[in-house]
Amino acid sequence: MRIGLLTEGGYPYATGESRLWCDRLVRGLPQHEFDLFALSRSAEQEDQGWVGLPHHVGRVRTAPLWTPEDGTPRGSGERGLLARLVTGGGVSYGRRDRGRFAAHLTALATAVCASEDAGADPATDGAPGAELFAEGFYGLAELARERGGLHLALRSETTVRILEAASRARGAGRIVRSATVMDHLAFAAELERLLRPLSLDWYAPGSLGAVDLCHAASGGAAAIPGLLAKRFFGVPLLITEHAVQLRAHYLAAPEAPFGAPVRALLARFHALLAAEVYRQAALVVAGNTHVRRWQQRCGADPAKQRTVYPGMAAERFARVGEHDDQGGPKTLVWAGRIEPAKDLIALLHAFAEVRRAEPDARLRIFGAPAEGEEATTYLAHCRALAAQLFPDEATGAHAEGVSPVTFEEIGGPEIPDLAEAYAAGGVAVLSSVVEGFPIGLVESMLCGRATVSTDVGAVVEVIGGTGLVVPPRNPRALADACIALLRDPERRARLGAAARARALELFTVEQNLAAFRGIYLELISQAPVRREPDGDPLLFATPPEARLLGPWTRPRAAVTGPDRAGVAVAADGAECAVGEGAGETVVAGEPAAAEARAGAGEARAEAVGERAAVRATGREPEPADERAVVGVRGCAPEQMRERVRVCAAADRGPGDGDA
């Protein structure tokens with residue numbers, strides 16, 4: 001089948017979210033064709049280019065969610081007066097279209113400005129807020145499809161007036177009521193960016209309408225094309241989330257350069273969009289139970305949810321995991337991106353307690369700072385704290401002092417890759433205060449290392465009793481757990497072996513691909529039959545027989561050689577002439593097509609007569625009738641006669657169903 005893979009800020013770009021997972025999914029399911037529909041987040045991401053794409057990726061469509069410095073989205077046409085309601089092609093809306101735009105935007109704005117505790121929960125089916133949002137959302141989508149882009153219309157004075165009226169209406173939230181004109185202008189600009197997928201030219205029968213299934217790699221903006229493909233063409237929608245977009249927005253909201261009213265409006269919009277995405281999706285796949293609970297809180301139906309863990313490349317860690325060496329017996333290892341959410345400050349304070357109990361203990365921190373100035377500053381602060389807590393120690397008066405805490409980067413001659421980093425220690429530590437799916441923890445489990453982790457995100461679900469879990473922001477509890485494992489090598493080995501076995505069972509690429517292979521087939525088998533405009537059923541983009549080995553998938557070639565034992569007819573009507581000697585079927589080409597078809601007809605007629613004679617008299621066919629046998633080259637006459645007897649007894653023609 002043909003899958004439309006929808007992404008935002010990731011695949012097929014070389015940088016971004018879910019890039020590696022999407023690449024493994026596409027490469028791991030070569031029996032399906034993939035069309036990619038990607039939304040980029042920045043000019044820098046587009047400048048990085050794409051990753052290499054496999055041969056079964058059919059088409060790639062991209063569109064930006066970012067705005068250039070001049071404020072005009074690419075492909076938006078001329079810039080005009082903000083008060084003019086014009087489309088991307090520069091064509092002005094008529095009076096009727098202006099009325100449609102105002103009505104649909106009013107419905108959407110009323111839903112976004114409404115207080116969450118006013119009436120029913122908008123994340124549930126049938127709630128007034130969700131109904132108004134859907135009415136406005138799909139109305140704007142239909143207008144954009146018929147008349148063109150909405151970017152200038154959404155940045156017009158009319159949009160600001162509609163938002164201002166909705167924020168003053170009865171039922172609006174208390175914070176929203178305090179919005180100023182500048183707040184409405186800021187939210188209008190963000191709304192135009194968020195609704196930019198409505199104005200794309202992807203919604204045509206030859207684009208998203210040609211796929212058999214839409215698979216969004218995340219919620220939010222990436223799922224909007226899937227919503228419209230379902231509404232316009234009936235294409236089923238599958239959502240996969242390894243981190244809930246709404247939760248990510250909530251966490252990032254305090255850092256956004258907006259006032260409280262704009263943040264409240266954006267949070268409300270994302271909540272209503274998430275509820276609509278979950279309502280329309282045929283299936284909602286969560287990367288772990290932590291994400292699954294968030295999806296339910298945002299309106300997902302538990303009956304439509306599945307949990308499929310992201311797959312890891314286990315072979316990268318096989319050499320370390322299958323080795324008996326347990327690493328440094330007194331060494332703790334931490335690996336990952338260095339940022340405030342990882343709480344290395346608590347880890348350093350905990351290691352101070354460990355050093356008091358185990359003076360020979362070491363802590364090796366592997367990683368580089370995350371992008372941004374904040375992460376770089378945080379790394380400098382951690383280095384300064386480590387130097388203060390653990391001054392360089394020397395074994396003698398003339399020896400060089402060495403700190404028990406080291407900050408190292410992976411890729412040098414001593415630690416060439418991540419597996420070697422985990423191999424350097426006996427215990428892997430995770431000290432995060434915020435975590436989704438702990439990929440680093442799974443990597444250490446694949447290396448067969450005992451782990452000490454904080455109880456955040458999906459840590460408990462991943463560990464499953466194969467490691468020690470302590471509360472976050474508790475250096476004393478973290479230190480006690482580390483000391484317990486450092487002093488008990490047998491327990492370390494036992495937990496490490498159990499951790500590796502659990503990771504190989506649940507968190508490999510193979511199990512992830514097997515799960516999605518089954519989900520694709522399940523959704524297609526349950527989807528309603530899509531029909532052509534004339535009422536005939538719409539066939540799959542790639543019929544199943546195209547993937548089956550047989551003469552119908554082979555190119556035509558002329559039949560050569562003076563001897564042909566018979567002719568077989570393929571499922572798609574192509575004739576296959578069969579001779580002797582080489583052990584392979586030869587497809588009849590144009591030079592021998594007439595003779596092949598004549599021989600096939602004669603063979604089928606004689607085979608029917610032979611079956612009738614066998615049923616009437618019980619006699620076997622004579623050896624002279626061997627030319628009616630259809631098979632492969634290299635069959636002896638005795639083998640051919642035996643096949644004819646079997647076919648006649650089964651009341652079927654020779655060659656029907658035979659290998």
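The legends below describe parts of a predicted model. Local features need pLDDT of at least 70 and side-chain atom pairs count only at pLDDT 80 or more, while totals for chains, interfaces and linings use all residues. Residues are numbered from 1 along each chain as its sequence is written, and side-chain values use heavy atoms, without hydrogens and water.

**View 1. The whole protein chain.** The chain contains 23 helices and 16 strands; helices (H or I, at least four residues) and strands (E, at least two) are DSSP runs, numbered from the N terminus. Of its 659 residues, 50% are buried, meaning under 20% relative accessible area with a 1.4 Å probe, protein chains only.

**View 2. An open sheet of seven strands.** The strand order is β3-β2-β1-β4-β5-β6-β7, with parallel pairing; two strands pair if DSSP finds at least two bridges between them. At the edges lie β3 (57–64) and β7 (305–307), each of which pairs on one side only. From one strand to the next, the twist averages 20°; axes are lines fitted to C-alpha atoms, for helices over the stretch in contact, and angles run from 0 to 180 degrees between N-to-C directions.

**View 3. Strands β1 and β2.** Strand β1 (residues 2–8) runs parallel to strand β2 (residues 33–40), and seven bridges join them. Phe34 in β2 is the bridge partner of Ile3.

**View 4. Helix α1 on the sheet.** Helix α1 (residues 19–28) packs on the sheet and touches β1, β2, β3, β4 (213–216) and β5 (237–241); contact means heavy atoms within 4.5 Å. The direction of α1 makes about 175° with that of β1.
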